[in-house]
Amino acid sequence: MRTALSSRPSWTRLLLGSLLLACAGLASAQRPAAPSAPAPVAPPPATALPLASQVRGVVRAGAEATLTARLATRIVALPLQEGESFRRGAVLVQFDCERQQAELRAAQAALQVQRRNLEAQLELDKHGATGRTEVDMARAQSDKARADADALQTQLRDCSISAPFSGRVVERLARAHEGVAVSQPLLRIQDTGALELDLIVPSTWLAWLQPGVPFRFRIDETQATLDARVHRLGASVDPVSRTVKIVARFAGNAERVLPGMSGSASLAPPPQ
C-alpha cells in the first residue's frame, strides 16, 4: 500500500514535465522568426557594345548596262568577247548604215534646193514680184528640209555604240552580221572598276554603324582578305528579320575581285 502511494508523485512529476515541454515547443513555434537581412541587390549590368561579328556579303558591279539597238539594221562588227575589258568611249557595236547615209545625202541635197528657192523668193519680194504667201511657203519648206537632214544626221550617230564607262563584257546577246530590230539587246556590260559590297546586318548595329567604318572582307573564292569601308546605309529596316542593308566599297586594290563573289565581313564598333 505504501509502495503504490509513494510512486504516485513521480508519475505526476513526469506528466507535468511533459506538459511544460509541449507548451514550450508550441510557444517557440508560434513565436515569429526574426527577419533576415535582405540580400544585396547587384547593380544592373552595363550595356556592352557588340564584339566583332561575321556577316555575309556579295560583290557586285558599281554600274551595269544592257546595250540595245536603236536601228533596224545589220551588225557589222561586235569586236569584244565575253570577259574582255574595254575603255570608256570604245566602240562596242558597229552597224551597217549605208542606207541611212544615202538618205542623209538626199536630204542635204533637198535642203540646198529649198534654200535656193527661199533666196529667190526673198529677192523677188524685194522687187514686189511675188506675194508674201509664196515667201512664207518657201521658208517653211526650207525649214522642213533642214529638220529632215538633222534627223538623219542624228540617226547616223546610232550607227555605233560606244562604251558609257570602262569595264568588261559580261554577255554577248547578238553576233556580227546578224540583222537586229529596234530595242533588241546586244551586249551586257559591267563597270568592274567601282565594285561594291552588299551586306545584311542587324538593325541594332545602326546605333554605331555609319559611313566610313572600316572592316575586313574575306572572299570565299580566292581566300583573299581585303580592306573595305562602309559607303552608305540602307534606307529602311526589314521589320520581320530586323536587318538592314549596307553598301561598302573596297579600300585598296581589288583587281582579282569579280562581281558575284561572296565572302564574310568582320565588323566591330569603333573604340570609344
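A residue counts as buried under 20% relative accessible area and as exposed over 50%, with partly exposed in between. In this predicted model, Leu206 has 35% relative accessibility and therefore counts as partly exposed. Leu206 sits in the loop that runs between strand E9 (196-202) and strand E10 (214-219). Together with Leu233 and Val237, Leu206 makes up a nonpolar surface patch, and the three residues have about 200 Å² of accessible area together.

Strand E10, at one end of that loop, leads on to the strand pairings. E10 is joined to E13 by 4 bridges, and the two run antiparallel. Within this pairing, Phe217 has Ala265 of E13 as its bridge partner. Strand E13 (residues 262-267) also pairs with strand E1 (residues 53-60), through 6 bridges and again in an antiparallel arrangement. Here the partner of Gly57 is Gly263 in E13.

Another group of strands can be followed in the same way. Strands of a sheet pair through backbone hydrogen bonds, either parallel or antiparallel. An open sheet of 3 strands has the order E3-E5-E6, with antiparallel pairing. Strand E3 (75-77) and strand E6 (160-162) are the edge strands; each has a single partner strand, so one side of each has no neighbour in the sheet. From one strand to the next, the twist averages 30 degrees. Between strand E5 (residues 91-95) and E6 there are 3 bridges, and these strands run antiparallel. Val91 is placed opposite Ser162 in E6.

Conventions: Residues numbered from 1 in each chain as written. Predicted model: local features only at pLDDT ≥ 70, side-chain atom pairs only at ≥ 80, totals over all residues. Heavy atoms only, no water. Patch = residues over 30% accessible without salt bridge, like charges linked within 9 Å, V, L, I, M, F, W, Y side chains within 5 Å. Areas by Shrake-Rupley, 256 points an atom, 1.4 Å probe, with all protein chains shown as cover. Salt bridge = Lys/Arg side-chain N within 4 Å of Asp/Glu carboxyl O. Buried < 20%, exposed > 50% of the residue type's maximum accessible area, 1.4 Å probe, protein only. Pairing = 2+ DSSP bridges. Axes fitted to C-alpha atoms, helices over the stretch in contact; angles between N-to-C directions.
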